[in-house]
Amino acid sequence: VVGVRSMVPFLQNSNNLLRLNLNDNNLQSGGFNELFHALRNSPIESLHCGGCGIDSIEIEKNAFPKKIERLYLHDNEFGVDDIRGLVMFLQNSNDLSSLDISGNNVTSEGFGLLLREMKLSDSPIQALFCDSCDLDSIKIDDAFIPTRLKSLNLCDNSINADGCCEIAKLLQARSSSLSELSLECNKFVDEGVAILASALQNNATLKSLNMHNDAEEITIEGLKMLLELVNDMSSINGTLQSNHTLKYLELSPYKVDDTDLIRQQIDNALEINCEYEDNPAAAGKEKVIQTQLNSQKRSELCHQLGIGQRMLFSEIKPIHLPEVLALISRHHGQGELYAALVPSIAALFSTMNKKQCLQQQRAYYAAKLEAIEAEIAAIEAADDIQ
């Protein structure tokens, strides 16, 4: 506290100070509160006060830096009551884009309170770090989803399947703009994966998801759910309607077992999502070409996912078969083309016969129309003579 007081004259008269790093100093609560007050008219944009022994936060109205953009309060000792102390600051901070409160005893109650206040104040916060904050069965009110939040870090907590149900609200909210979510080292496995995969089915904003966990690993069943999310092999339409937005999925390291095959297919689908960024229709088409229209790849994936083999070409309208067969030949070669021709030949001929029939009908009606026009012309000519 004494050290902060000695800095006050400098802080109050510094017009060029944009970044101040006081990490790992013994500021304690009194020193932090005085520091905030001293910086109230400062142009400072970034303030680092991590590991400073802050166990309570009391911020007076208008007694805080107005232009601050990044505030780092990680690894201190404050709790849910002090989140309430931050409310005054959040209500009046128009430029704060990043807030780090990791390593504090925020608890699930404090996290819910923080999200609620961010929504009510239309907070400009885009990145929120809450790792190691003693979060478990968090509660999120779907009426108070922060609309500007793009990056959320919830690593090293105890979030279980119930907590995943709450996080799903963030992913499903139409007003959400969340693009990065980190859930590394939490307490959910396959049940939580199923909840998150379902929530992401129609999500068009999340691009990065971290579910790495060495202690509680996702099993092969959970990995199948993730593969189905990014490439649903149940049908061509399923593949087209898969998630084409997610680009980065962090999981536990590869192992030399059956899960590696699933992991590789997930990575392949994510690579396509990256390649066709911001063009989901093109990504879906590419997945169909690479997996559905390749008999060997389709058979392998269906076997891995436990999906029964089906007649692929029954899903394709006969009129589109020539185009599909051309794609197979172009991308997978003559062997795959032959494999595709065998089950589709009947439908292909029916298309050709239908086309020929339509051409014949067109010629017949064209001749009839010509005869009618000639008859009308003859009547009009006779009328003119009379």
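**Notes on the predicted model**

1. Let's open with a salt bridge: E277 pairs with K207, and their closest N and O atoms sit 3.5 Å apart. E277 is in the loop between α9 and α10 while K207 is in the loop between α6 and β8 (208-210), so this pair ties together parts that are 70 residues apart in sequence. The term salt bridge here means a side-chain nitrogen of Lys or Arg within 4 Å of a carboxyl oxygen of Asp or Glu. Helices (H or I, at least four residues) and strands (E, at least two) are DSSP runs, numbered from the N terminus.

2. Some ground rules before going on. This is a predicted model, in which local features need pLDDT of at least 70 and side-chain atom pairs count only at pLDDT 80 or more, while totals for chains, interfaces and linings use all residues. Residues are numbered from 1 along each chain as its sequence is written, and side-chain values use heavy atoms, with hydrogens and water left out.

3. For the cut-offs, buried means under 20% relative accessible area, exposed means over 50%, and partly exposed is in between (1.4 Å probe, protein chains only).

4. The whole structure holds 7 salt bridges. One of them joins the side chains of R148 and D122 at 2.9 Å, N to O. This pair links distant parts of the chain, with R148 in the loop between β5 (127-129) and β6, and D122 in the loop between α4 (107-120) and β5, 26 residues apart. R148 is partly exposed at 37% relative accessibility, and D122 is partly exposed with a relative accessible area of 39%.

5. E221 forms a salt bridge with K224, and the closest N and O atoms are 3.5 Å apart. Both residues belong to helix α7 (residues 220-230), and they are 3 residues apart, about one turn of the helix. E221 counts as partly exposed at 43% relative accessibility, whereas K224 counts as buried at 18%. Elsewhere, salt bridges that share partners join D81, R84 and E109 into one network.

6. The D190 side chain does make a polar contact with the side chain of T219, at 2.2 Å. A polar contact is a pair of N or O atoms within 3.5 Å; within protein, one must be able to donate a hydrogen and the other to accept it, and residues adjacent in sequence count only if both atoms are side-chain atoms.

7. On to the backbone. D156 has a positive phi of about 55 degrees although it is not a glycine, and its place is the loop between β6 (151-153) and α5 (161-172). D156 is partly exposed, at 41% relative accessibility. D278 is another non-glycine residue with a positive phi, about 65 degrees. D278 lies in the loop between α9 (259-275) and α10 (280-292), and counts as exposed because its relative accessibility is 65%.

8. Now the largest pocket, which has about 380 Å³ of space. Its lining has 14 residues, and I236, L240, I316, H320 and V324 lie nearest its centre. The elements giving two or more residues to this lining are α8 (236-240), α10 and α12 (321-385). On a 1 Å grid over the protein atoms alone, a pocket is an open set of points with protein on both sides within 12 Å along at least five of seven lines, a cavity is a set where a 1.4 Å probe fits but cannot get out, and lining residues have an atom within 4 Å of a point. Grid points are joined across faces, edges and corners, and a volume is the space filled by probe spheres set on the points.

9. Finally, the search of the whole structure finds 1 cavity of 30 Å³ or more. L183, N186, F188, M211, N213, E216 and I218 line the largest cavity.
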